[in-house]
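Subject: Structure handover

Hello,

Here is the structure we talked about. Please open it alongside this email; my notes follow below.

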Amino acid sequence: MENGTHYRTCHLCEAMCGVAIEVRDGHVTSIKGDEDDPLSHGHICPKAVALQDLHEDPERLRKPVRRTTDGWQEMEWDEAFDLVASRLHRVRKEHGRNSIGAYLGNPNVHNHGSLVATMPFLRALGTQNRFSATSNDQLPHMLASLEMFGHQILFPIPDIDRTDLFICIGANPMASNGSLMTVPDFRGRLKALKGRGGRMVVVDPRRTETGKLADEFHFIRPGTDALLLMAMVHTLFEENLVNLGHAEQWTKDVDLVRLAALGFTPEAVSENTGMPAADIRNLARQLATTPRAALYTRMGTSTQAFGGVATWLAYVLNILTGKLDSTGGMMFTQPAIDLIALGGMSGQKGHFGKRFSRVKKLPEFAGEYPSSTIADEILTPGEGQIRAFVTVAGNPVLSSPNGGRLDEAFTGLDFMVS
Ligand code: SF4
């Protein structure tokens with residue numbers, strides 16, 4: 001790199017903070033937040049500073065390496081490409097296209113090169129055995145977006161800089177910098193919210209970093225969020241607090257939601273959720289009566305048995321109170337490059353259950369099976385058994401359920417490339 005200041009984006013998490021990297025004589029001399037970045041305004045977290053350690057780590061891979069009986073050996077890129085192409089080709093020729101499995105990790109969506117190149121690569125492989133971090137994380141959000149808004153990545157996000165009430169359930173933006181929300185410097189934005197008289201309410205089984213800064217905090221029993229949200233829906237109807245606002249023209253079957261929520265009184269769910277009925281009613285009233293309010297849910301409500309229904313209900317509540325796509329509520333974004341408008345993400349609005357995995361008959365979502373079943377597909381003999389595997393920027397042994405079994409499964413493959 002040339003001497004001087006290089007302006008880049010930290011790609012380590014979704015916040016995408018702007019960084020200014022000083023370089024002298026080929027060495028990084030400092031990494032600071034870019035004050036002129038329109039989103040992060042100079043904010044960075046310690047991970048950005050540690051980018052220098054990653055860059056200079058003597059153990060960092062600078063060339064492809066190959067596992068041999070004498071340990072790992074470096075190789076040239078051309079040799080590596082040839083090896084990967086020939087081994088994958090051989091497996092596919094002998095056992096069919098579904099004998100190759102592929103897993104994409106979360107950083108693929110923070111990297112322009114990966115975003116552009118990965119889909120054509122997967123299409124070239126032609127395998128149906130595709131997996132990603134999605135099924136360990138935000139799949140219920142994508143399913144709700146697909147079913148309710150018509151596209152799997154059409155996510156409304158909290159209008160954090162203009163809201164007066166931020167209800168945060170099963171999410172920890174102080175640690176995550178806003179997952180599916182992209183909010184660098186959450187602490188600064190929360191301070192601004194409180195400065196204009198706003199409030200944050202947090203519901204979580206654990207008093208999280210975000211919970212510690214809340215104006216109001218409620219414990220909830222893990223996995224019972226759908227009950228809480230349904231009881232809030234019940235309260236809105238019971239107390240005549242439903243007001244769809246401009247979402248009315250896009251919304252149908254509101255009465256069916258009222259009927260579905262009839263039996264879920266706050267009193268009926270109180271014992272299961274561990275939340276007093278009065279608190280549940282109060283939460284629903286606050287959301288309904290604060291003109292600029294957003295109810296946001298994330299991983300805690302997503303990766304659980306009722307993740308799909310909990311995520312759907314969170315959007316239902318925002319719609320019933322007129323908070324969907326209204327100022328200070330849950331708003332659709334206006335990105336500089338609109339992947340949905342461009343027909344991005346391989347032009348798919350998404351689909352669910354078009355086919356099922358070979359061993360456990362689990363439904364696909366947008367062409368991917370749940371990562372929890374990778375090991376089944378490798379270890380179970382038969383037509384379509386996975387015999388070679390590709391991971392791209394992912395570590396499913398650590399991040400998927402029952403990683404130990406997956407670790408064992410990987411050791412039995414004919415070929416694996418990461
Ligand atoms: S919050 Fe930290 S890790 Fe995330 S993009 Fe900003 S500096 Fe990087």
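Val 23 has Val 28 in β3 as its bridge partner. β2 (residues 18-24) pairs with β3 over six bridges, in the antiparallel sense. Strands here are DSSP runs of E with at least two residues, helices are runs of H or I with at least four, and both are numbered from the N terminus. Two strands pair if DSSP finds at least two bridges between them.

This is a predicted model: local features need pLDDT of at least 70, side-chain atom pairs count only at pLDDT 80 or more, and totals for chains, interfaces and linings use all residues. Residues are numbered from 1 along each chain as its sequence is written, and side-chain values use heavy atoms, with hydrogens and water left out.

Back to the strands. β2 and β3 belong to an open sheet of three strands, ordered β1-β2-β3, with antiparallel pairing. β1 (4-9) and β3 (27-33) are its edge strands, and each pairs on one side only. On average, neighbouring strands in this sheet are turned by 25° against each other, direction ignored. Axes are lines fitted to C-alpha atoms, for helices over the stretch in contact, and angles run from 0 to 180 degrees between N-to-C directions.

Next, a hairpin. β4 and β5 form it, with two residues between them. Four bridges join β4 (residues 65-68) to β5 (residues 71-74), and the two run antiparallel. Arg 66 stands opposite Gln 73 in β5.

β9 (residues 165-169) and β10 (residues 199-204) run parallel and are joined by five bridges. Cys 168 stands opposite Val 202 in β10.

What about the aromatics? The structure holds ten aromatic pairs. The ring centres of Phe 352 and Phe 365 are 6.2 Å apart and the planes stand at 50°, so this pair is tilted. Rings of Phe, Tyr and Trp (its six-membered ring) pair if their centres lie within 6.5 Å; planes under 30 degrees apart are stacked, over 60 edge-to-face, and the rest tilted. The pair links distant parts of the chain, 13 residues apart: Phe 352 is in β14 (residues 352-356) and Phe 365 in β15 (residues 363-365). Phe 352 is partly exposed at 44% relative accessibility. Phe 365 is buried at 4%. Buried means under 20% relative accessible area, exposed over 50%, and partly exposed in between (1.4 Å probe, protein chains only).

Phe 389 and Phe 410 make another tilted pair, 5.0 Å centre to centre with 50° between the planes. Phe 389 and Phe 410 are both buried. Phe 131, Tyr 369, Phe 389 and Phe 410 form one aromatic cluster.

Last, the ligand. Which residues are around the ligand? They are Cys 10, Leu 12, Cys 13, Ala 15, Met 16, Cys 17, Ile 44, Cys 45, Lys 47, Ala 48 and Asn 177, where near means a heavy atom within 4 Å. By class, the shell has nine nonpolar, one polar and one charged residues. Ala, Val, Leu, Ile, Met, Phe, Trp, Tyr, Cys and Pro count as nonpolar, Asp, Glu, Lys and Arg as charged, and the others, Gly among them, as polar.

Best wishes
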